[in-house]
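Here are my notes for you to read with the model open beside them. Take the points one at a time and find each place on screen as you go.

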There are 2 protein chains.
Amino acid sequence: MRAAAKRIEPYAHRTPVFTSGSVDRQIGTRVFLKCENFQKGGAFKFRGACNAVFSLSDAMAQRGVVTHSSGNHGTALALAARLRDIPAYVVMPSDAPDAKQSAVRDFGGRITFCEPTLAARESTAEQVIAETGAQLIHPYDDYRIVAGQATAGLEFHEQTPDLDVVFAPVGGGGLASGTALANAAVKPDCQLVLGEPERADDAYRSLKAGRIIPADNPKTIADGLRTSLGQRTFHVLRHHVSEVVLVSEQEIIEAMRWIWSRVKIIIEPSSAVAVAAAIRCRDHLAGRRVGIILSGGNVDLDRLPWQSG
Amino acid sequence: MRAAAKRIEPYAHRTPVFTSGSVDRQIGTRVFLKCENFQKGGAFKFRGACNAVFSLSDAMAQRGVVTHSSGNHGTALALAARLRDIPAYVVMPSDAPDAKQSAVRDFGGRITFCEPTLAARESTAEQVIAETGAQLIHPYDDYRIVAGQATAGLEFHEQTPDLDVVFAPVGGGGLASGTALANAAVKPDCQLVLGEPERADDAYRSLKAGRIIPADNPKTIADGLRTSLGQRTFHVLRHHVSEVVLVSEQEIIEAMRWIWSRVKIIIEPSSAVAVAAAIRCRDHLAGRRVGIILSGGNVDLDRLPWQSG
């Protein structure tokens, strides 16, 4: 984690921590927003991707990296690879939105299209690996990624001493488990509360059951949180998380709009999940110093979730 | 100006200065964004309103303040008055959008409705003054307001030494003339370039002609810039501005969307006018340290200008 922080320091933004009177009043206590929406590539994902890419030996690195995530991780990996001047291969379904394709391309990523199924994505990635010898970089179930994401939490504690509780969203668990490890390392009495969409509640159910129960093609507006926990992230979260708070689609949309309108910053639905979770918990937060990790700010500006039609 | 800075310091935010690799690449030099969209009330207007309200003697203050601006100045005045615990009367046309009404009401402003004409607004404000003895606080043609707005520029130079040129939008000229005076006081060799919508080009024409030529009911998306220069702001700008750059509605919309999508912050069309002006001037900016004042972030999130219909 410390090594990751040092490794990515020349490349990643030390994102600011925002405060807002409106937010304090709404949540009923002092609230600090860690703005990973201002991170390079528009999301915390760059931290993990950058750590993974710069962890590779020169020999491995020169063959490049590959992923079949077409979301923020794909973009982040392309950007990190460009910084190391190595190829990034991103496997994408042929129906991926233009915005995602151009985000990857803008950062120099090489796109290979495939059928829009998980099986096709995995087999296409295997094929790219066979042809190029590139390293597969999993979007979250990889300790290099987790260590990279942990640097957001490390920074947060440096910038904002004495946080009593941190809210973060949970999807595949990269940010969640990274934040758990950061808390454990530097502020062990700081509680970690995860926000998760009701409609993609695999972390809630898995942590309750003590085994991974993957979500089955969940439909939530929080597109970054449709993935399910991996072995590694589940393992970390089992030992470190006190609570998962489920929030409805309506709560996500309202929280997102509220941050846009009051704080004047752009956050994506996944970030709003953590905000909505904090709003849900407001009755238990009085007098505590509350941190919220705003995970990213990549949204389709042509279609906002509070706009009908 | 210095007195204003001291007077408002306990109340106003010292807004951050943002930088962005994307913005630097697009403008072709090092660019610094002074984020008045993060100011209280969502715009620089709070600075002037706060300075005016806290400049009043106790005897005058207790009778309250009044304005017939229903935009950011109305909101800012209500907020400043609440901080001094005095009444703020805001005269508004009966067809003012709900969002503007509730912004004023949220800050404790007392709304008096009138017919939607300038004559009705002025006569209604006169009536409020006759009944209450409240002080009329003009949105820009008032040296207390200009001095308050100047504090944004003072801060900008403190936060970002050696700016070679500052871009600001011009409407009634409060921010523009305040920034001109701030430059003159602390960085006299720093050029001030004003951005103005082609469709509301009164400052461009007035400064060229050497006399005030008001705009006639201009139609621009930059709702904060539909007003025309006043005597005081014209006087200051005549002596201090090197250039007014006109930008089209299309350029405003593109600049606004570009900042949203790349910087992940919410700016209103008036702010985008200054950004669009800087983009226009990019060929002349290489190697210079460029500041842009992002004047505000109050937008109707239900209808974004790049969305048709």
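1. Start with a pair of helices in chain A: H5(A) and H6(A) cross in a right-handed way. (A crossing is right-handed if the near helix is turned clockwise from the far one by less than a right angle, and left-handed if anticlockwise.) H5 covers residues 72-84 of chain A and H6 covers residues 98-106 of chain A; their axes come within 8 Å and cross at roughly 15°. That makes H5(A) roughly parallel to H6(A). The labels are used like this: under 35 degrees is roughly parallel, over 145 roughly antiparallel, 65 to 115 roughly perpendicular, and the rest oblique. Axes are lines fitted to C-alpha atoms, for helices over the stretch in contact, with angles running from 0 to 180 degrees between N-to-C directions.

2. Before you go on, a word about what you're looking at. This is a predicted model, where local features need pLDDT of at least 70, side-chain atom pairs count only at pLDDT 80 or more, and totals for chains, interfaces and linings use all residues. Residues are numbered from 1 along each chain as its sequence is written, chains are lettered from A and ligands numbered from 1 in the order in which they are written, and side-chain values use heavy atoms, with hydrogens and water left out. Helices (H or I, at least four residues) and strands (E, at least two) are DSSP runs, numbered from the N terminus.

3. On the H8(A) side, the residues in contact (heavy atoms within 4.5 Å) include A:Val146, A:Leu154 and A:His157, while H9(A) brings residues including A:Leu175, A:Leu181 and A:Val186. Sorted by class, this contact has seven nonpolar, eight polar and no charged residues. (Ala, Val, Leu, Ile, Met, Phe, Trp, Tyr, Cys and Pro count as nonpolar, Asp, Glu, Lys and Arg as charged, and the others, Gly among them, as polar.)

4. Now hop over to chain B. Helix H3 (residues 45-55) and helix H8 (residues 143-159) of chain B have axes that come within 7 Å and cross at roughly 130°. H3(B) and H8(B) are therefore oblique to each other, and this crossing is right-handed too. Charged residues do turn up here: the contact has five nonpolar, six polar and four charged residues. Among those that meet are B:Lys45 and B:Arg47 in H3(B), and B:Arg144 and B:Glu155 in H8(B).

5. Which residues does A:Gln135 touch, leaving aside those up to four places away in sequence? They are A:Leu56, A:Met60, A:Gly64, A:Val65, A:Val66 and A:Arg144. A:Gln135 sits in strand S6 (residues 135-136) of chain A. A:Val65 is 70 residues away along the chain, yet the two C-alpha atoms are separated by 4.6 Å.

6. Check a couple of backbone angles as well. Most residues other than glycine have a negative phi. A:Asp162 has a positive phi of about 65° although it is not a glycine, and its place is in the loop between H8 and strand S7 (165-169) of chain A. B:Lys264 also has a positive phi of about 65°, and B:Lys264 lies in the loop between helix H12 (249-263) and helix H13 (269-280) of chain B.

7. B:Lys264 comes back at the interface. Together, B:Lys264, B:Ile266 and B:Leu301 supply 36% of the area that chain B buries against chain A, more than any other three residues. In all, about 1,700 Å² is buried between the chains, with 55% of it from carbon and sulfur atoms. (Buried area is the accessible area, with a 1.4 Å probe, that two parts lose on being put together, summed over both.) The contact involves 22 residues of chain B and 22 residues of chain A.

8. Last, how do the copies fit together? A rotation of 180° with 0.0 Å of shift along its axis superposes chain B on chain A, with an RMSD of 0.0 Å. The two copies are thus related as by a two-fold rotation axis. (Copies are superposed by least squares on the C-alpha atoms of residues with pLDDT of at least 70 in both.) In chain B, B:Ile265 comes closest to that axis, at 2.1 Å for its C-alpha. Also, 100% of the interface residues of chain B are interface residues in chain A, so the copies meet through the same surface.
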